[in-house]
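Please open the model in your viewer and keep the selection tool at hand. Each stop below names something to select and then says what is there.

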Amino acid sequence: MKPLRDAFLSALVALGLFAPMVGLVTESTDHGLTLHARPVATAVVVALVFFGRLAMLTWRGRSRRDTVAANRRLAETVTRTGRYIAPVLLLAAVALPFSGSRYYVDLGTLVLTYVMLGWGLNIVVGLAGLLDLGYVAFYAVGAYSYAILATTFDLGFWTCLPLAGVLAALWGVMLGFPVLRLRGDYLAIVTLAFGEIIRIVITNWVSLTNGPNGISGIPRPTLFGLTFSMEGGEGTVSGLLGIEPATIQRVIFLYYIILGLALLTNWVALRLRRLPLGRAWEALREDEVACRSLGINVTNTKLTAFAIGAMFGGFAGAFFATRQAFISPESFTFIESATVLAIVVLGGLGSQLGVALAAVVMVGGLEMLRDLLSTLGEQMNSPFFAGVAGELPLYRMLIFGLALVTMMVLRPRGLISGRTPSASLGPSREIAAELVAEGRG
Amino acid sequence: MLTVSSLTMTFGGLKAVEDLSFEARRGEITAVIGPNGAGKTTVFNCVTGFYRPGEGGITLLHPDGKRFELQRMPGHRIAARAKVARTFQNIRLFAGMTVLENLLVAQHNTLMRATGFGVLAVLGLGHYRAAERVAMDKARYWLDLMALTARADDPAGALPYGAQRRLEIARAMCIDPVLLCLDEPAAGLNPRETEELNQLLLRIRDGGCSLLLIEHDMGVVMRISDHIIVLDHGRKISDGTPAEVRADPAVIAAYLGETEDA
């Protein structure tokens, strides 16, 4: 009976909380504000809390041993099926533009940008165990490097892309030198500050960056010198192929560029993991003192992680600039860093597939949820739902937050936890997440 | 080959080690013993570069005549260049990595050079493959010696305690040390494991690596040490062969407390 009582108490607390927050709604009419009561909505929320708490208690009531074993089994299943999921995802990614839908290709481009950022940050956070809350700084450096180089010196995308990466890496090293002696929370705070500093400098250095107005007219990428101009004719892709010029061609081209860049990030990260450098990153995450005793230069190793992570952030930034053709400091706020970090943590630190799945869910899923909710709202004609149906899309962040919390309760080490050894004598076996350190910066 | 001269290390107002001088000779097992808080681990941390001593010098002479002033070198260089390896009192393995990976990480510097510092190997260039094969062979050699081959692909954190101790020694040996510093290697081992450890340490010594050892287990110390240094309150109170040290009244006093007629 204890769970029942507990659930009842939770429901009581929920009633106290939600009676004013959900139960009462103000509406402005001609005579000023009027207050409406929403008993049904309140009852629904309180009932949700009651049953949710009950379900949680029953689930937790199972012996702990059971849950640990269940978790491990799930992890093994996920890893095993992961081998099939990855090629399927890749195939789907390659085939996506053939759907011909502008909406899906745009969404795919957005998702892939975050996948790439996630993979880049995964090197820093997942492998080296350095908590970086200012990853957006390198994204911004890459974007502005390309925008400024392209508009000032009239350089093309393909020339600027490596430059943007190198500049971002340089900033990574510059940030790294003073802060890498810090650990854990301190490192997180300083990287957070660094992200803000970059954004504020960009906002205020008007002569270089045009300040809050941003930079517009950033050139689009070309395909071996051919542009995707709408005029067609000489020097354009459509002119060469003899087809009608259309915006979708450029959109698809951009999609394949980011797909290529993301795959490059993945390839480099996977390759590095099996090399001494990647192994040293992971060792650093496990135990920094032991690394030092084995003659590993801790500072340099951390710097390389920072620089390589930053470089991919810079690539992604340059792509962002060329895709949008316009950038302003508003695109590089802390929420971007937080989203990318959430993708990495949710996916499972160090897991490439997990990060990709998390990005699909967090970025793509959120967009889909918005559409789903608005369609659902339109379907709900019954007067019972009056007042709720219209604002259903507003609840998407709430649903999403709830999903994230549930996810982290069920799988605290991320979607795909566990670690694949980088070398083995016999057949390689997964390492349970419980043994793998998360790093303390 | 390791000469510590007038070493002093203070923490705030506390003198952990005061004016300590001793020598560890090549091809010998030198043990540092003393009651708790005598400053043994502090000496170790100075030798392996984890602390920077306030005063005094620590000189290491390699068999090929190269000289290293350890008190001036950063920690990672002491392992990488001067080839001084160490283990820790509370085992510090890379728990989430496999046994084999632990041994490969120890060969980081050798492998790093072979990868052209990361750049070439990413592109599949350079002679990294050959270097990795050599590293794997060395890892396998130590796995066989430590009877860990069957568990090579298990995470280090899942090993039983005794095996973790052995692995930590194997990992330290993978940097090809000229001096191996062991901080209480027998702590927590059962008598059979302790005996195996003794054999292992003697074998390492006969392989040409000198050992510096902190140990509380007198069974280990007296049986395998060639030379013993006794510390108490940060000072050296005795220095000699096991037999000499055992007979030294100062040592007995430090361990058992002052006797009436002492």
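This is a predicted model: local features need pLDDT of at least 70, side-chain atom pairs count only at pLDDT 80 or more; totals for chains, interfaces and linings use all residues.

Residues are numbered from 1 along each chain as its sequence is written, and chains are lettered from A and ligands numbered from 1 in the order in which they are written.

**Stop one: chain B**

Select chain B, whose C-alpha trace spans about 75 × 40 × 35 Å along its principal axes. Its secondary structure comes to eleven helices and ten strands (DSSP runs, H or I of at least four residues for helices and E of at least two for strands, numbered from the N terminus).

**Stop two: the domains of chain B**

Next, colour residues 1-83 + 177-262 of chain B as domain 1 and residues 92-174 as domain 2, bounds that come from an automatic or database domain assignment. The C-alpha centres of these two domains of chain B lie 27 Å apart.

**Stop three: two helices of chain A**

Now select helix α15 (residues 352-379) and helix α16 (residues 396-410) of chain A, which pack at an angle of about 130 degrees with their axes 10 Å apart; axes are lines fitted to C-alpha atoms, for helices over the stretch in contact, and angles run from 0 to 180 degrees between N-to-C directions. Where do α15(A) and α16(A) meet? L366(A), L369(A), R370(A) and L373(A) in α15(A) meet R396(A), I399(A) and F400(A) in α16(A), contact being C-beta atoms, placed from the backbone, within 7 Å.

Notes:
Two residues are in contact if their C-beta atoms, placed from the backbone, lie within 7 Å.
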